[in-house]
Amino acid sequence: GANTIKDSTADTAGTNGAGYKTLNVNSSTADSTLVALDFDDVETLNVSGDAKLTITGNNSLVAVKDIVVTNTAGFDLGTAPIVKTVNFTGGAGDDSVVLSTGFEKAITMGAGNDKVTYNGPASILTGKLGSVNAGDGEDTIVMLATDAATASGNSVFNSSFSGFEVLSLNTVTTNIIDLDGINGVDKVKTAVATALTLNN
């Protein structure tokens with residue numbers, strides 16, 4: 001049989017999944033897409049299965065502390081940053097996550113060609129952040145070009161982020177980026193390379 005999650009994204013009263021502390025989502029047989037996971041009391045989210053699960057919108061997981069992915073095909077957590085106090089453990093597939101400014105916990109992406117979007121600004125890279133371990137595979141860090149330029153001259157980035165091979169840039173203007181300061185990535189992706197200088 002099929003398991004169905006009935007999700008009410010219009011509920012603003014904070015009653016979605018009230019009282020439930022753990023949410024287990026199994027995506028199997030065929031890839032699945034959900035608009036959002038709106039469970040305001042859930043503290044642990046487990047994503048399992050052998051078919052990719054993609055979230056297309058903004059989740060409401062305001063109490064979540066741990067997200068654990070054992071899904072072997074990949075999990076895309078959506079467009080909104082996860083709460084900065086969340087531990088994220090990725091699986092063997094291609095996982096994708098957006099980090100909030102000043103994230104504090106451990107982000108371990110695992111195997112697969114993973115993507116991490118860091119919503120800076122790079123000025124936050126002045127103290128100890130949480131850790132991001134991209135793991136095996138060709139992993140991509142997505143940043144604004146201005147933030148990447150600042151981060152590339154700041155040792156905090158390389159002390160907090162590790163294992164990335166690709167830098168994907170948004171909104172490129174006049175920027176100078178030292179790739180050694182961004183994990184020594186060997187590939188840069190950008191839609192527009194206006195006045196972009198890459199060193200090392």
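Reader: Are phenylalanine 103 and tyrosine 118 buried or exposed?
Author: Bear in mind that what you see is a predicted model. The cut-off for buried is under 20% relative accessible area. Phenylalanine 103 and tyrosine 118 both come out as buried.

Reader: How many aromatic pairs are there?
Author: Two rings pair if their centres lie within 6.5 Å. By this rule the count is 5.

Reader: What kind of pair do phenylalanine 103 and tyrosine 118 form?
Author: Phenylalanine 103 sits in the loop between β8 (96–99) and β9 (106–108), while tyrosine 118 is in strand β10 (residues 115–118), so you have to look at distant parts of the chain, 15 residues apart. Their ring centres are 6.1 Å apart and the planes meet at 80 degrees. Planes over 60 degrees apart fall in one class, so this pair is edge-to-face.

Reader: And what about phenylalanine 161 and phenylalanine 164, how is that aromatic pair classed?
Author: Both of these residues, phenylalanine 161 and phenylalanine 164, are buried. Centre to centre their rings are 6.4 Å apart, with 50 degrees between the planes. Stacked needs under 30 degrees and edge-to-face needs over 60, so the pair counts as tilted.

Reader: Which residues do ring pairs link into a cluster?
Author: The two pairs we just went through supply some of the names. Ring pairs link these residues into a cluster: Phe103, Tyr118, Phe157, Phe161 and Phe164.

Reader: Which residues have the most contacts inside the largest nonpolar core?
Author: In soluble globular proteins, nonpolar side chains tend to be buried together. Here the largest nonpolar core has 44 residues, and helix α1 (residues 145–152) gives the largest share of it, 3 residues. Those with the most contacts inside this core are Leu45, Ile67, Phe75, Leu99, Ile141 and Phe161.

Reader: Is valine 68 buried, exposed or partly exposed?
Author: Valine 68 lies in strand β5 (residues 66–69). Leaving aside neighbours within four places in sequence, valine 68 is in contact with Leu45, Asn46, Val47 and Thr89. Its relative accessibility is 30%, and that makes valine 68 partly exposed.

Reader: How far apart are the C-alpha atoms of valine 68 and valine 47?
Author: Along the chain, valine 68 and valine 47 are 21 residues apart.

Methods: Residues numbered from 1 in each chain as written. Predicted model: local features only at pLDDT ≥ 70, side-chain atom pairs only at ≥ 80, totals over all residues. Heavy atoms only, no water. Helix = DSSP H or I, 4+ residues; strand = E, 2+ residues; numbered from the N terminus. Buried < 20%, exposed > 50% of the residue type's maximum accessible area, 1.4 Å probe, protein only. Contact = heavy atoms within 4.5 Å. Core = buried A, V, L, I, M, F, W, Y, C linked by side-chain atoms within 4.5 Å. Phe/Tyr/Trp six-rings, centres within 6.5 Å; stacked < 30°, edge-to-face > 60°.
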